[in-house]
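I opened this notebook to record what I looked up about charged side chains. The entries are kept in the order in which I made them.

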Amino acid sequence: MTKIENTLIISFIIFSFILTPVICAAAENEIRIADKSGDWGHPSPYLAYGRGPGYLRMHFIFDTLVWKDETSDFIPLLAEDWEYIPEEEAYIFNLVKNAKWHDGESVTANDVAFTIDYMKEHPYGWVVLDSVDRAEAVDEHTVKIYMSNPYAPFIEDIGGTMPILPEHIWKDVENPMDFVDTGAFIGSGPFKYVDFSKEHGTYKYEAFDEYYLGKPNVDQLIYAKTGDTQMALQLGEVDLASIKPEMAETLTEEGFVVIAGPHYWNKKLMINHNKEPLDSVVFRQALAYAIDQDEFVDKSLRGYGKPASYGLISSESKWASPNVPEYPYDPDKAKEMIESLGYELNDGIFTKDGEPLKFVVLVSMISTGGQSIQDRDGEILKNQLEKAGIEVDLISLETKIVDQKVINWDFDLAISGHGLIGGDPKSLYDGVIQAPNSKPSPFTARYDKCEELNSLLDDLMHEMDPVKRQEAVFEAQNVYARELPAISLYYPTWYYAYDPDAGVEWFYTIGGIAKGIPIPQNKIAMVRANAHVEGGIEQTAIQTTDNAQDTPMMPFLGVFAILAAFCIKRSKRKL
């Protein structure tokens with residue numbers, strides 16, 4: 001073997017070692033998101049758990065008609081434009097013409113019409129279609145949705161939340177809750193389903209190359225279950241994670257981008273108003289006076305949050321009423337109101353007919369974003385109520401068990417929490433009324449005992465005049481705060497941090513994702529890097545450069561060629 005050959009072989013080996021990590025880095029464009037809970041159900045519409053994190057696991061795979069980015073304005077998704085025809089009480093949606101399902105079939109107006117019919121027959125927890133009469137495909141890419149009556153929240157509540165199903169797959173599915181075949185995970189969204197491990201709490205997706213807004217700038221998306229999300233971020237194991245508020249400045253100094261969320265999530269005291277004395281408005285108001293919201297913020301949140309509005313809708317929402325009744329902390333007033341109901345205070349505890357005033361309070365580790373975090377809410381509430389003469393037993397359970405007990409009315413009081421309070425004010429309706437034919441929700445009070453509130457909620461849902469609707473929304477909050485079917489305690493200020501070098505700029509969506517999910521995991525963040533915004537619509541950028549020039553191999557191959565030529569030339573001189 002000549003010296004030239006030896007030199008070339010050695011050079012090739014050296015440059016192979018240099019090239020390998022560069023090539024792998026270019027090929028493995030991966031985003032990992034930390035999550036403490038892990039299991040939020042299969043990422044299919046009917047199988048995902050009915051809280052925000054469950055919806056998000058599904059939304060990467062299934063697209064809606066319209067969507068939201070950072071703003072509260074709606075942007076086109078499967079529908080490139082739409083209009084409402086008042087005289088017909090109908091919406092017309094013109095669909096994009098290049099959308100495909102993950103199995104290669106085209107998305108058509110028939111799929112949208114089918115989804116409406118299917119979800120009317122098989123109610124879907126996130127969308128109630130009672131106000132929809134029918135849907136018709138006008139042509140291949142135009143669908144017309146007729147309303148049975150005016151429905152003010154339609155665009156956000158249905159157009160921006162309802163995942164469109166492929167008719168060719170779902171038309172033969174009789175029971176969607178049992179449908180776990182491969183077809184259950186075929187959508188039209190930017191990512192395709194790869195794997196879900198219930199045992200390990202992990203999710204894996206891969207980019208859909210033929211996505212109609214352009215291939216995502218992320219090849220793989222992974223949810224990784226981890227005990228300490230912040231530590232996982234600092235160790236480079238994940239790219240996006242919730243963090244402790246106190247660490248925001250430190251992580252910023254370490255090069256991470258920290259984002260603080262709006263107050264679209266509330267910790268709430270659910271009340272079984274079917275039991276005495278919790279069925280009394282006076283008693284529920286006494287509870288409110290016995291609760292010190294500021295103490296929760298100071299001790300449970302360590303100051304990172306603020307007291308919640310008693311009107312349920314976030315005080316930061318454009319729909320927040322300026323005149324919501326308040327209940328400043330006053331345990332003496334609470335005692336007076338309880339005494340007015342026939343109770344007597346004996347040895348610090350109220351009694352009636354020889355029985356102590358006592359409640360079991362269910363608590364769980366629930367917080368926004370689905371992260372299970374220890375807090376002191378149960379302990380704080382117990383101390384506050386006992387100061388007002390109410391005996392309390394605390395029972396700590398998993399969040400899903402608490403949710404089920406609330407749904408089954410198997411509780412006295414329960415500390416729970418949810419988002420969806422920053423978007424359309426339908427959230428107030430959802431927080432009070434269990435809509436007919438809808439899946440029971442653990443954060444719906446199911447309270448219909450106040451005719452005035454019922455009437456205002458009806459106006460909130462059906463009044464199409466913006467000014468009149470806002471008046472109804474404001475007054476509904478005021479009456480809700482008077483009736484107190486549940487008591488909001490506080491809004492936490494939650495922080496997320498991400499690694500900017502991973503290539504995704506995460507953000508909180510004004511009003512929340514879909515119908516109000518306050519988690520900074522909007523799928524548009526992984527699509528728009530390959531698109532430019534024009535008039536609110538994401539347009540796919542056209543590739544004009546030579547792909548060969550973009551590959552990281554080219555500089556190294558050039559150096560290798562120069563080195564080889566030098567060796568050959570030098571060898572010839574010796575010859």
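**Basis.** I worked from a predicted model, in which local features need pLDDT of at least 70 and side-chain atom pairs count only at pLDDT 80 or more, while totals for chains, interfaces and linings use all residues. Residues are numbered from 1 along each chain as its sequence is written, and side-chain values use heavy atoms, with hydrogens and water left out.

**Entry 1: the total.** I searched the whole structure for salt bridges (a side-chain nitrogen of Lys or Arg within 4 Å of a carboxyl oxygen of Asp or Glu). The search returned 31 of them.

**Entry 2: Asp412 and Lys275.** I found these two side chains joined in a salt bridge, at 2.7 Å from N to O. Asp412 sits in the loop between α12 (399-407) and β20 (413-418), and Lys275 in the loop between β13 (266-271) and α8 (281-290), so the pair ties together parts that are 137 residues apart in sequence. Helices (H or I, at least four residues) and strands (E, at least two) are DSSP runs, numbered from the N terminus. I then looked up the burial of each partner, where buried means under 20% relative accessible area, exposed over 50%, and partly exposed in between (1.4 Å probe, protein chains only). Asp412 is buried, at 14%, whereas Lys275 is partly exposed, at 34%.

**Entry 3: Asp133 and Arg134.** I noted a salt bridge between these side chains, with 2.6 Å from N to O. Asp133 is partly exposed at 39% relative accessibility, and Arg134 is likewise partly exposed, at 34%.

**Entry 4: Arg376 and Glu379.** I recorded a salt bridge here at 3.4 Å, N to O. Arg376 is partly exposed, with a relative accessible area of 37%, and Glu379 is partly exposed at 40%. I also looked for shared partners: salt bridges of that kind link Asp157, Lys426, Asp430 and Lys515 into one network.

**Entry 5: the negative patch.** Which residues gather in a patch of negative charge on the surface? I listed Asp332, Glu336, Glu339 and Glu344. Such patches are made of residues with over 30% relative accessible area and no salt bridge, like charges being joined within 9 Å and nonpolar side chains (Val, Leu, Ile, Met, Phe, Trp, Tyr) within 5 Å. Helix α10 (residues 331-339) gives the most to the negative patch, with 3 residues. Glu339 belongs to helix α10 and is partly exposed, with a relative accessible area of 42%.

Conventions: Areas by Shrake-Rupley, 256 points an atom, 1.4 Å probe, with all protein chains shown as cover. Lys, Arg positive; Asp, Glu negative; His and termini not counted. Charge placed at Lys NZ, Arg CZ, Asp CG, Glu CD.
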